[in-house]
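Please study the structure shown below and work through the exercises on charged side chains. Each task is followed by a solution in steps.

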Amino acid sequence: VPQHEIEVILMRELASYLAMAIFVVDPAGELLYYNEPAELLLGRRFDETGPMSMEEWSKDFEPFDDDGQPVPADDLPLVIAVQERHPAHGTIWIRAADGRTRRLAITAIPLLGLADRRLGAAAVFWEADES
Amino acid sequence: VKVTFWGTRGSQASPGADTVRYGGNTSCVEVRNDAGQLVVLDAGTGIRRLGASIGPDVPRVDVLLTHLHLDHIQGLGFFDCLYRPDFDVHLWGPASTTLHLWSRLSRYLSPPLFPVRLRDLPCTLSLHDVPLGEFEIPGFKVRAALVCHPAPTVGYRLEADGVSITYISDHEPALGAKELFGPPEWTSGFDLAEDTDLLVHDAQYTDAEYTSRVGWGHSTVGHAVAFARAVRARRFVPFHYDPTHDDAMLDRMHDLARASLPAECELIPAREGATIEVVAPPNMVAPTTEREPSSSGA
């Protein structure tokens with residue numbers, strides 16, 4: 001496996017120290033890492049999940065909106081950030097791996113490096129009020 | 001390929017009787033291939049004497065800067081080649097997120113910090129924002145990659161004559177790492193240094209010093225040894241010595257480091273004036289020779 005870019009390595013290290021949930025993907029949207037606070041909200045340890053393609057993770061947590069309608073992958077903030085290279089925010093429901101449903105507010109940012117390198121994206125998310 | 005150390009010190013020059021064996025000049029390393037083509041790694045205060053050693057037989061020099069902290073560029077204004085109209089000098093270094101190398105270097109090489117401006121230098125000067133990835137300069141294949149150090153900083157892997165030399169002068173791969181070292185893909189600098197024939201690596205601190213200097217961008221000798229083991233370096237050269245460490249202390253640090261390395265990895269401390277000859281396998285590396293840099297070059 002080739003070494004990740006230094007910015008991604010540092011992003012992972014930073015996330016591992018922060019107390020808010022963070023989810024990091026590569027330029028293709030493949031899951032690289034999520035931290036312990038994210039494990040609590042997603043209901044599964046990262047070590048049990050491992051790398052997942054964008055297609056897999058965008059469906060795995062069964063995202064749906066306040067009306068109960070499925071949220072297409074292209075409308076997920078993290079997918080917008082990685083594909084369109086701009087920040088995105090949204091609130092969705094997920095069905096976590098522990099079987100519980102949670103309403104999450106998600107803010108995603110693209111990770112852009114020196115020399116216009118696309119490094120992926122990161123999302124910070126937290127449990128939102130149900131109102 | 002011959003690797004000569006003209007400056008081994010980090011942070012600040014530290015000349016004096018107690019640093020005379022390992023040297024007091026800041027980072028500058030000369031690499032010459034078998035054809036005599038020359039690459040200079042960093043332009044610390046050691047580059048002044050290197051410049052004086054380059055004869056008229058060398059028409060071009062490429063200076064690869066790892067980053068623009070003062071201990072890596074302070075000697076630039078005293079690099080003789082920059083003042084020779086017949087000389088072709090190529091400076092390579094990292095851009096910032098907003099400024100090209102020229103703009104960044106001009107902050108130092110201009111009044112009030114320096115009397116001569118970059119644009120007034122008589123040599124034929126070319127500045128290059130170093131590309132991240134592989135590129136070629138005469139006689140060498142170069143790979144550059146960002147490494148863990150405050151502000152944009154790169155490490156280099158040079159390949160020539162069938163051998164590889166990896167130079168990561170300022171590097172804190174242990175920053176935030178939960179273990180030394182985990183999966184290669186999550187280790188800063190790994191791809192540059194994997195299976196290299198000669199690893200020149202930051203080894204600035206003791207363990208005790210590091211506890212109050214986390215995030216300053218440097219390694220302990222122990223971190224550097226662990227990195228050398230992880231990348232399976234064949235020879236490991238501790239480098240970028242702390243200016244407060246005298247020769248006796250460096251001796252002790254190197255003895256401890258040597259005891260932690262596997263038998264297949266030889267530790268050769270960087271000493272100002274020493275030349276290491278790196279040759280291709282199966283003999284791998286010829287015996288090290290130490291000598292005072294002479295006016296005939298490497």
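The model is predicted: local features need pLDDT of at least 70, side-chain atom pairs count only at pLDDT 80 or more, and totals for chains, interfaces and linings use all residues. Residues are numbered from 1 along each chain as its sequence is written, chains are lettered from A and ligands numbered from 1 in the order in which they are written, and side-chain values use heavy atoms, with hydrogens and water left out.

**Exercise 1.** State how many salt bridges a search of the whole structure finds.

Solution. A salt bridge is a side-chain nitrogen of Lys or Arg within 4 Å of a carboxyl oxygen of Asp or Glu. Over all chains, the search gives 26 salt bridges.

**Exercise 2.** Determine whether A:Arg102 is buried or exposed, and identify its salt-bridge partner.

Solution. Buried means under 20% relative accessible area, exposed over 50%, and partly exposed in between (1.4 Å probe, protein chains only). A:Arg102 has 6% relative accessibility and therefore counts as buried. Its partner is A:Asp98, at 3.0 Å from N to O. A:Asp98, at 38%, is partly exposed.

**Exercise 3.** Describe the salt bridge between A:Asp47 and A:Arg45.

Solution. The N to O distance is 3.1 Å. A:Asp47 is exposed at 63%, whereas A:Arg45 is partly exposed at 41%.

**Exercise 4.** Which residues are linked with A:Arg117 in a network of salt bridges?

Solution. The network joins A:Arg117 with A:Glu5 and A:Glu7.
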